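Welcome! Please take a moment to look over the sequence and the 3D view below, and then we will walk through them together.

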There are 2 protein chains.
Amino acid sequence: MPQYTPPLRDMQFVMHEVLDATTLLKELPPYAEVDADLINQVCEEAGKFCSEVLQPLNASGDAEGCHYDAATRTVTTPKGFKAAWDQFVQAGWTSLTADAEFGGQGLPHLVGSAVHEMQNAANQAWTMYPGLTQGVTELLNAHGSAEQKALYMPKLVAGEWTGTMCLTEPHCGTDLGLIRTKAVPQADGSYKLTGQKIFISSGEHDLADNIIHMVLAKLPDAPEGSKGISLFIVPKFVPTADAGVGERNGIFCSGIEHKMGIHANSTCQMTLEDATGWMVGEPNKGLAAMFVMMNGARLGVGMQSLGLTEVAYQNALAYARDRLQMRALTGPKAPDKPADPILVHPDVRRMLLTARAWAEGGRFLAYWISLLLDQSLHHPDAEVRKDADDLVSLLTPIVKAFITDNGLQATNECLQVFGGHGYIREWGMEQFVRDARINLIYEGTNTIQSLDLLGRKVLMDGGARLRKFGKILTDFIEEEGVNEAMQEFVNPLADLADKVQKLTMELGMKAMADKDEVGAAAVPYLRVAGHVVFAYAFARMAQVAQRKIAEGDDSPFYQAKLQTARFYFGRLYPESAAAIRMARSGAKNLMDTEAVFA
Amino acid sequence: MPQYTPPLRDMQFVMHEVLDATTLLKELPPYAEVDADLINQVCEEAGKFCSEVLQPLNASGDAEGCHYDAATRTVTTPKGFKAAWDQFVQAGWTSLTADAEFGGQGLPHLVGSAVHEMQNAANQAWTMYPGLTQGVTELLNAHGSAEQKALYMPKLVAGEWTGTMCLTEPHCGTDLGLIRTKAVPQADGSYKLTGQKIFISSGEHDLADNIIHMVLAKLPDAPEGSKGISLFIVPKFVPTADAGVGERNGIFCSGIEHKMGIHANSTCQMTLEDATGWMVGEPNKGLAAMFVMMNGARLGVGMQSLGLTEVAYQNALAYARDRLQMRALTGPKAPDKPADPILVHPDVRRMLLTARAWAEGGRFLAYWISLLLDQSLHHPDAEVRKDADDLVSLLTPIVKAFITDNGLQATNECLQVFGGHGYIREWGMEQFVRDARINLIYEGTNTIQSLDLLGRKVLMDGGARLRKFGKILTDFIEEEGVNEAMQEFVNPLADLADKVQKLTMELGMKAMADKDEVGAAAVPYLRVAGHVVFAYAFARMAQVAQRKIAEGDDSPFYQAKLQTARFYFGRLYPESAAAIRMARSGAKNLMDTEAVFA
């Protein structure tokens, strides 16, 4: 059975030593009092909960799955899930980052992300229940009316109620303009909703007293397509005026999906049968409002794969230390044993270091974007807020797609370290792969993320966001340009940054002549962009490590940082060379294929 | 539910138009009468059986799995498996490539491979029952005594009995030198075997009357390590003198594994309790003998992933034609419908073409090596036999590892085409991914294949095998060097062939100084070598297509060949640029990591 040890030292390294988070947080009024000790304490406590309560339920939850009872249209979660939920709520974990106004602890997103990483490492399927609930509070906070906030948010923050997002329908997922769920206005200001939703994560379960569904639907006179979508709150039980649980509303689970992974999370088909709903925000502006939740969910999906990458790595490393098989090519390393531990073999190290580097780079990126998100919401200077917001918007598709692509690769490599045992359920490695697989799909497939990055975030604003990011790189490269010890990290970063700039201009030109060029280049472009970000991440982490070593710190931690950075630049970064060629190869080899698809 | 249409046209193209198989087979005495009509007829019949009988049992077999009964120590295969087996046996499919002497139909391996591809596309888990049986007949044919052949082979060829290979033990898989199963000689010339074997595919089941286990074990006085391994036949029921089913032997299934995929194949723990066995071949030479079966199995694993790649492609293409979602970036393509079929989107085409190109390249390679195998066994000229054998030995690890790596990528891309539906069991796409995953592991992990290629097949003979392959490439490049229409295919082939030669020399030099350099470079080296072979495959297929077009054939089939080849060179081949950098990056970034693994 897999184990999980929260990587507290590495989390602290990224937050405090690399990002200098507390200095930056001090500039944000709500977080002026948040210091490193508090952050570390919260992470340590959360880590304990994750490894002691959530992780032991991961394999059993996968084996048991959720049960749907057609007679009552209810879902039972696996054994132990409800008890863990109660403990989670009681300890106050649901309120971590919420505003004090609604009972929250008012901690920054940075801390929320660190905790979320550990939750997902321990149990992704379980973590999806509270994960989506936090998204609903953020959505209501941004777009709900004062009454809606007052009625729903305290309950959601307290973990008494949970939330969902209801977007997809049987005939449309990516293309939400096609949705058919109808919302008919009623005299009292409410709406009656009718329709079918599918793939609703945590749509029905037995953890909480009430479930608050955020539903996209169309008004009777709505314009065609995505400009005619409105957003509604549709509670499972209509709240009483004092936020008690009132009568059962007409939204029911009509079945659950049998999936490749995340078995312990209920993926529900939901039927709306004249369900009562209340509009959130403006009519026909629902999709834009929903993006608050979707953007949060995209970061959340990145954290899911970051967590899985870390836990898969830890277990593969433990196995590689234990398993004796063959002698090292350079001669016995454990001559007293019948064979050497497989950790002596270069390719076993390649597989392990792949997962480790993807985890460390992903951790830097995920924590950095969380800090930027905090800045974008709370910095007193509007320009800083805008800059931070631009970076969040640029980096979000990279967090979602790059970290999840890498997570699938990493969990597969870690499974491979186990040989045949990796394929057997009881070792738990194959569950990581199955769970990691969904992360490339939901909350916008990785293709959609790539189109969002290249089409919307890079080309549509004429490269403005990209230039802001480029400025950060240039400043860093300048800063370290004369430091010989940093050349092995800074040079490939500078080289790739140049190449991305050229590639972007080239694609921009091509896109003017043929829009398919964007679709044809987007996926490899995102891989290249991801490597620029990770090259920056590893260079920054190496910078800190080298300074510590220069100061006389001889702990293996900092040496390990340099070694992992070298592995990244030697073994993972070269993918960018291939991806650039693929991105440059043009739309013709995809679209001039009428005979192939005849 | 997935469908499967045998790709007969493409199979014929590779066999007859590209490889000119019947001309080459005519030079081999046993196959002098095998003509194209016969081959096509056999493939057509086999294809019908695969799509009509085996494919409908694929999803149900996965859902049901195998059942182990501890009281009787027996395994029940999923519903329908036994009936399909009986039909299979009755139609004579088990005897396809076996010698007439033992009741076989004496057809070439080429035909066996083509049929095997279709069986695996239809149902990999089912196909593993007869697949291993054929391996046992080949092993006995090569190393069995006349009595052993006479007793066992007719029953195995007739499909009355099935076979297994029993190598792995709980503490050793790759490192068979560590096995502990003991074989004690008896006065009557037989042996008593005691020990534990795991991961025995088809080790116990209800399909056939008897199961013939090929077991690796150690004699009491055996030398340490892999030089002390002997090979034994251990039948489930001891055959009577007239090859009837005699008394129950002491080899029992003590449990089956619960796996990520191939649920319908029984993966057995086998206990030998004073089981009676008979030695095959020489004492302590068992591992070398077993390689006959292992090499066959490695080709078989490549065919498994080839089949899965093809069937995943077919179903993803069908979905991409049906599913309406978004408009083409260049404007509506199906204006009468609410949205365009997703086949209009460039990245959907990239995913589909990835699978298609991996299938077409894999088919060329797999059929070519099968033909080489036939030549290596039956050509009247010893030098031709030797050359063919050298190529088979060089290409075997590439078939096993390159096709299975690609198969995992292809099935994942095809799943992705379905979006969220790809993750749901009922669509069947996720089963392809789960089944494909084992192929990177068993019969020697892909790391082992890579070490076999670079260490044993390339460097150990001073590049002699590689030069033979290089000669084939050079001849082809010379032949097409002045044909302008072929430059787009021949130039990248020539370029990569040069680079591989240089890379090989460089690695050979490095390996002399540090053996870890081989282990550090092997996996990316195999990816590069695979691309050389595939670049050759696509260039050869393009050559045939261009000739047909020049002759006035305007069928889309040949145009499609050129388009797929262009896709391959534009979108898949560039991976070689990254892999070369990874292979050249050296052992240091893997082995100078003492702090990482402190």
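Let us start with one pair: the side chains of A:Glu480 and A:Arg547 meet in a salt bridge, with N and O 3.2 Å apart. A salt bridge here is a side-chain nitrogen of Lys or Arg within 4 Å of a carboxyl oxygen of Asp or Glu. Side chains of opposite charge can pair when their charged atoms come close. A:Glu480 lies in helix H13 of chain A and A:Arg547 in helix H15 (residues 516–550) of chain A, so the pair ties together parts that are 67 residues apart in sequence. Helices (H or I, at least four residues) and strands (E, at least two) are DSSP runs, numbered from the N terminus.

Before going further, a word on what you are looking at. This is a predicted model, in which local features need pLDDT of at least 70 and side-chain atom pairs count only at pLDDT 80 or more, while totals for chains, interfaces and linings use all residues. Residues are numbered from 1 along each chain as its sequence is written, chains are lettered from A and ligands numbered from 1 in the order in which they are written, and side-chain values use heavy atoms, leaving out hydrogens and water.

Back to our pair: are its two partners buried or partly exposed? A:Glu480 counts as buried, at 4% relative accessibility, whereas A:Arg547 counts as partly exposed, at 43%. The cut-offs are under 20% relative accessible area for buried, over 50% for exposed, and partly exposed in between (1.4 Å probe, protein chains only).

Helix H13 has other partners to show you. A:Asp387 forms a salt bridge with A:Lys468, where the closest N and O atoms are 2.7 Å apart. A:Asp387 lies in helix H10 (residues 382–417) of chain A and A:Lys468 in helix H13 (residues 464–480) of chain A, so this pair ties together parts that are 81 residues apart in sequence. A:Asp387 is partly exposed, at 31% relative accessibility, and A:Lys468 is partly exposed with a relative accessible area of 27%.

The side chains of A:Arg465 and A:Asp390 also meet in a salt bridge, at 3.9 Å from N to O. Here A:Arg465 is in helix H13 of chain A and A:Asp390 in helix H10 of chain A, and the pair links distant parts of the chain, 75 residues apart. A:Arg465 is buried, with a relative accessible area of 17%, and A:Asp390 counts as buried at 9%. Over all chains, the count comes to 70 salt bridges.

**Inside the protein**

Now let us turn to nonpolar residues. A nonpolar core is a set of buried Ala, Val, Leu, Ile, Met, Phe, Trp, Tyr and Cys residues joined through side-chain atoms within 4.5 Å. The largest nonpolar core has 350 residues, and those with the most contacts inside it include A:Leu352, A:Tyr367 and A:Val417. Which residues does A:Val417 touch, not counting those up to four places away in sequence? Among them are A:Ala316, A:Tyr319, A:Ile342 and A:Leu352. Contact means heavy atoms within 4.5 Å.

A:Gln148 is buried, with a relative accessible area of 10%. Leaving aside neighbours within four places in sequence, A:Gln148 is in contact with residues including A:Ile233, A:Trp278 and A:Val280.

**Two chains together**

Finally, step back to see both chains. Chain B can be laid on chain A with an RMSD of 0.0 Å by a turn of 180° and a shift of 0.0 Å along the axis. That is the relation of a two-fold axis. Copies are superposed by least squares on the C-alpha atoms of residues with pLDDT of at least 70 in both. Of the residues of chain B, B:Ala578 comes closest to the rotation axis, with its C-alpha at 2.7 Å.

How many residues of chain B are in contact with chain A? There are 93, and they touch 93 residues of chain A. The area buried between the two chains is about 7800 Å², with carbon and sulfur atoms giving 61% of it. Buried area is the accessible area (1.4 Å probe) that two parts lose on being put together, summed over both. Between chain B and chain A, the count of salt bridges is zero.
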